[in-house]
Amino acid sequence: MNLLEVQNVEKSFRGLRAVSDVSFEVEANSIVALIGPNGAGKTTLFNLIAGALAPDNGTISFDGQPIAGLRPDQICARGIGRTFQIVKPFAGLSVLDNVTVGALQRNANVITARAVAEDILIKLGLAAKCDQPAASLTLPDRKRLEVARALATGPKLLLLDEVMAGLRPTECDEVVAILRALKQRDGMTILLIEHVMRAVMALADRVIVLHHGEIIGEGTPAEVVRQPAVVASYLGETSEP
Amino acid sequence: MNRRAVILLTGLAITLLALPLFANSYLLSIATLFLFFAYTGQAWNIMMGFAGQLSLGHALYLGVGGYSAAALYFHYGISPLIGLWLAVMICAALSACLGALAFRYGISGVYFTLLTIAFAECARIGFDHFTWLGGSAGLFLKVAQRDRIDILNLRGPPALYYYAILLLAGLAFGLCSWLLRRRPGYYWQAIRENEEAAAALGINTFRWKILAVVISAAMTAVAGVFLAFYYNNLFPEQIFNINRSVEIILGPIVGGMGTLFGPVIGAALMTLLTDGATELVAALGWDIPGVKQLIYGVILLAVVVFLPHGIWPAIARKLKLER
Ligand SMILES: Nc1ncnc2c1ncn2[C@@H]1O[C@H](COP(=O)(O)OP(=O)(O)O)[C@@H](O)[C@H]1O
Ligand SMILES: [Mg+2]
């Protein structure tokens, strides 16, 4: 079953086509990676799915329901959690309060929401820092906080935008293990934008390659790295392992 | 709340409750003013300190609130305890319109603040020409007989007003403490810190911002009713004046925005400063014009420079209390 279906979606910014005629599906309980060079339109595509932007054309359906054009909070309520590539922590609040805000989405009571938040912080290895203000976290921890917050909203689909960028290989492997456990243990579906090929190869069931707003390749990680168009436009340029 | 906070709070409550028993009328009037600013500061703090929406037009709600209840009393003899609800409803509706206008059309930051000023200024000019309510010549209520207590019409000795505003300040403190610890507090703070992230976490930011604006305005309307019946007169030039709006916000800014005790401590300091500076100047025999304003300004500057987050967060850290 497809949890997410994106059909012929387009978005332009003052004449610049950031996303043009993009169609793809994400199957339930799978991990799909979205790769492509900077400026390919990956983040814009996330913003379209998450409701931060409305598409100019095309349809997006989630769980069989059309969601294109809904507000971000409505889409979150439907069950899509997202992180921001440029992290947006609630800097003045503690780490625990940051995640509690997310957990209040499905738990009106603050005490239960805090308990949910604590569980998630343990899962993400941030429990020791739960009383610190979010402003005091390092960038890798802020990225984890993004994931924790999105997870706290109780999503069926997680959209992760470069959560492994800037992480050391060991930290990267930790996040890979966390995401894999989310899929296998909790039945989560994940769509992730990632430059770190090491993580993509380890995690993704399927890879979609975006270039100049268009999909230029699609397949399993092993298939995609052999496609000439992909190698020419993306993998050839990248210095990441 | 931990034990120290409880002790601190109980001590404060007992002192305030017993104050009219030993205070002279001068001290009582200063204490009344302090509580008035503690109350309005708390109301303003919901909008700015909690939800991050800066209003410089809260005089609007003081004025419209005050005039609503005063009009009912003046023209129809209706008790301010009833007029209060009209004041609250009108101000709630007015603020909802302002909020909806601003938030629907993406008017935020300084532009939102300008809009709040514009609303208050419009009201000032409008009420200047509103002859049914006295226009620019003012509206006067029958002065209270100081020896008779008439709670229903809010007429009586100064202690009556003192206890009325003490009750309001206490209720406001309780309400804010309750709101802050529950979903609204979390949601408002999330919006304050980062609206885009808040929306992504499922918060309908439009609705929650409107709620903050409406609660804040409704509370301020009640303060306006108090003001009208305490001073027995209303002038558009005074009550809608931007100085009034600024007075309201100094307490929470100095005391610590977004905190519970900040508005209370800030109001205490600002009231002490205003009257203390006068006393000090008189005691020292300095007959220099403007010296009072200078002292006021310097102390304010010192607080803002050395305690940029306000006084309360600094005290809380020292005493190891929660904020
Ligand atoms: N809000 C915006 N306004 C104008 N142009 C934008 C906006 N967001 C993205 N773009 C442009 O759209 C293109 C795709 O950007 P983006 O989706 O961020 O790429 P990626 O995430 O793949 O690096 C870029 O050329 C970028 O400059
Ligand atoms: Mg991007």
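This report walks through the ligand sites, the strand pairings and a few single residues of a predicted model.

**Around the magnesium ion**

Let's start with the metal. Two side-chain atoms coordinate the magnesium ion (ligand 2): OG1 of A:Thr43 and OE1 of A:Gln85, at 2.0 to 2.1 Å. These two come from distant parts of the chain, 42 residues apart. A:Thr43 belongs to helix 1 (residues 42–50) of chain A, while A:Gln85 sits in the loop between strand 6 (80–82) and helix 3 (95–103) of chain A. As for cover, A:Thr43 is partly exposed at a relative accessible area of 27%, and A:Gln85 is partly exposed too, at 29%.

**Around ligand 1**

A:Thr43 turns up again here. The residues surrounding ligand 1 are A:Phe13, A:Leu16, A:Ala18, A:Pro37, A:Asn38, A:Gly39, A:Ala40, A:Gly41, A:Lys42, A:Thr43 and A:Thr44. Sorted by class, that shell holds 5 nonpolar, 5 polar and 1 charged residues.

| Residue | Part of the residue | Distance to an oxygen atom of ligand 1 |
|---|---|---|
| A:Gly39 | polar backbone atom | 2.8 Å |
| A:Ala40 | backbone N or O atom | 3.2 Å |
| A:Lys42 | N or O atom in the side chain | 2.8 Å |

On its own, ligand 1 would expose 560 Å², and the protein buries 62% of that. Which elements give two or more residues to the shell around ligand 1? They are strand 2 (16–27) and helix 1 of chain A. Helix 1 gives the most, with 3 residues.

**The antiparallel sheet in chain A**

Strand 1 (residues 2–13) and strand 2 run antiparallel and are joined by 8 bridges. Within that pairing, A:Phe13 has A:Leu16 in strand 2 as its bridge partner. A:Phe13 and A:Leu16 are also both among the residues around ligand 1.

Most residues other than glycine have a negative phi. A:Asn8 is partly exposed, with a relative accessible area of 42%.

Now for a well-covered piece of chain A. How many of the residues of strand 7 (residues 157–161) are buried? The count is 5 of its 5 residues. A:Leu157, A:Leu159 and A:Asp161 point one way from the strand, A:Leu158 and A:Leu160 point the other way, and all are buried.

Strand 7 pairs in the parallel sense with strand 6 over 3 bridges, and with strand 8 (residues 189–193), again in the parallel sense, over 5 bridges. A:Leu157 takes part in both pairings: A:Leu157 is the bridge partner of A:Ile80, and A:Leu157 stands opposite A:Thr189 in strand 8.

Strand 9 (residues 206–211) and strand 10 (residues 214–219) of chain A pair in the antiparallel sense over 5 bridges. They make a hairpin with 2 residues between them, and A:His211 stands opposite A:Glu214 in strand 10. In the turn, A:His212 has a positive phi of about 50°. Is A:His212 buried or exposed? A:His212 is exposed, with a relative accessible area of 60%.

B:Leu72 lies in helix 3 (residues 59–76) of chain B and is buried, at a relative accessible area of 17%. From B:Leu72 to B:Leu84 is 12 residues in sequence and 9.7 Å in space, C-alpha to C-alpha.

B:Ala92 is part of helix 4 (residues 80–104) of chain B. With 17% relative accessibility, B:Ala92 counts as buried, since the cut-off for buried is under 20%. B:Ala92 and B:Val214 are 122 residues apart along the chain, yet their C-alpha atoms are separated by 5.0 Å.

Definitions and conventions
Residues are numbered from 1 along each chain as its sequence is written. Chains are lettered from A and ligands numbered from 1 in the order in which they are written. This is a predicted model: local features need pLDDT of at least 70, side-chain atom pairs count only at pLDDT 80 or more; totals for chains, interfaces and linings use all residues. Side-chain values use heavy atoms; hydrogens and water are left out. Donors are N, O and S atoms within 2.8 Å of the metal (3.2 Å for Na, K and Ca); water is not among the atoms, so sites may look incomplete. Helices (H or I, at least four residues) and strands (E, at least two) are DSSP runs, numbered from the N terminus. Buried means under 20% relative accessible area, exposed over 50%, partly exposed in between (1.4 Å probe, protein chains only). A residue is near a molecule or strand if one of its heavy atoms lies within 4 Å of it. A polar contact is a pair of N or O atoms within 3.5 Å; within protein, one must be able to donate a hydrogen and the other to accept it, and residues adjacent in sequence count only if both atoms are side-chain atoms. Accessible areas come from the Shrake-Rupley method with a 1.4 Å probe; for residues, only the protein chains shown count as cover. Ala, Val, Leu, Ile, Met, Phe, Trp, Tyr, Cys and Pro count as nonpolar, Asp, Glu, Lys and Arg as charged, and the others, Gly among them, as polar. Two strands pair if DSSP finds at least two bridges between them.
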